[in-house]
Amino acid sequence: MKNFELVEPATLDEAVALLDPDDAAVRAIAGGTALMLMMKARLFQPVRLVSLRRVNGTLRGVRGNGHGGLTIGAMTTLTELERSPEIAAAVPVMSRALKTLSNVRIRNVATLGGHLAHGDPHMDLPPILLTLGARVRAVSRRGERWIDVADLFAGYYHVAVARDELIADIEVPAQPPGVHAWYEKFAALSADDWPSVGVAVWYRTEADRIAEARVAVSAATERPLRMAGAEAALVGAAPTPRTFAAAADAAADAIEPMADIRGSAAYKREMVRVHTRRALAQALQAPARRVQ
């Protein structure tokens, strides 16, 4: 491993000032669970790492945003999210998913901002945040901007965050009454392994009909994707096994699966079909969100 500079700014302004928009070898590091592995494998050789571990304030913790939703600091660890009563009350689908997201040692160190900025298509939270309608706040010396999670993932290990930007916050909007949400993860090895397929579903019912639906698939694809055909099959229909099967077929037919060591393209397509159907059925069994 080559020598590199490690700097530890105390404020967010200091951190963004140390980034270089023209040098890909200058990188911010949060928990480092992914970046350190890349460095050890010589896939990434930095000239400067900007450590965020001393940056506190609003970059850490979960808080209400005043509109019924949540704002999560990018340096909040996955363990803190898993144990957060605010997350459990507002978006229990996240709390459930975090229990099998990697292992406890990783969750104790890994941060939500790093989880998203890494752009790994196998991550568990991006498809969930996609269905929840979340967005991130990116900051730089040029100012700040909001990026919808739907627009954040631009490709395989590629996110729409510039080299001189940092993810500062993740905002999850208030969820309306009548919402059912679930994340179905299929891992070919242990339960906390990277998924071969991840499916997040979110739908709102009114008078025994699905009024609005969001379905997102990850791991089988090069980035988390909304399944427009599956959503169309759900909206206006009754939440029945037949409806769920039609939506699952639409999702499986629409994807272009990414073969890897966890399964062939044909295998992953079938797993998308199976687990989309299961996620929709499990969501119906979970208590719907009601007006507090």
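View 1. Thr111 is buried, with a relative accessible area of 4% (buried means under 20%, exposed over 50% and partly exposed in between, with a 1.4 Å probe and protein chains only). The model is predicted: local features need pLDDT of at least 70 and side-chain atom pairs pLDDT 80 or more, while totals for chains, interfaces and linings use all residues. Residues are numbered from 1 along each chain as its sequence is written, and side-chain values use heavy atoms, without hydrogens and water. The loop holding Thr111 runs between helix H6 (104-107) and helix H7 (112-117); helices (H or I, at least four residues) and strands (E, at least two) are DSSP runs numbered from the N terminus. A polar atom of the Thr111 side chain lies 3.1 Å from the backbone nitrogen of Gly114. Leaving aside residues up to four places away in sequence, Thr111 touches Ala30, Gly31, Ala74, Met75, Thr76, Thr77 and Leu78 (contact: heavy atoms within 4.5 Å).

**View 2. Helix H8 and the residue after it.** Helix H8 (residues 125-132) is mostly covered, with eight of its eight residues buried. Among them are Leu125, Pro126, Pro127 and Thr131. Gly133 follows H8 and has a positive phi, near 75 degrees.

**View 3. A nonpolar surface patch.** Tyr156, Tyr157 and Trp194 make up this patch, with about 310 Å² of accessible area together (Shrake-Rupley method, 1.4 Å probe, only the protein chains shown counting as cover for residues). Patch residues have over 30% relative accessible area and no salt bridge, and nonpolar side chains (Val, Leu, Ile, Met, Phe, Trp, Tyr) are joined within 5 Å, like charges within 9 Å; a salt bridge is a side-chain nitrogen of Lys or Arg within 4 Å of a carboxyl oxygen of Asp or Glu. Tyr156 is partly exposed, at a relative accessible area of 45%, and sits in the loop between strand E8 (153-155) and strand E9 (158-159).

Notes: Polar contact = N/O pair within 3.5 Å; in protein donor to acceptor, adjacent residues only side chain to side chain.
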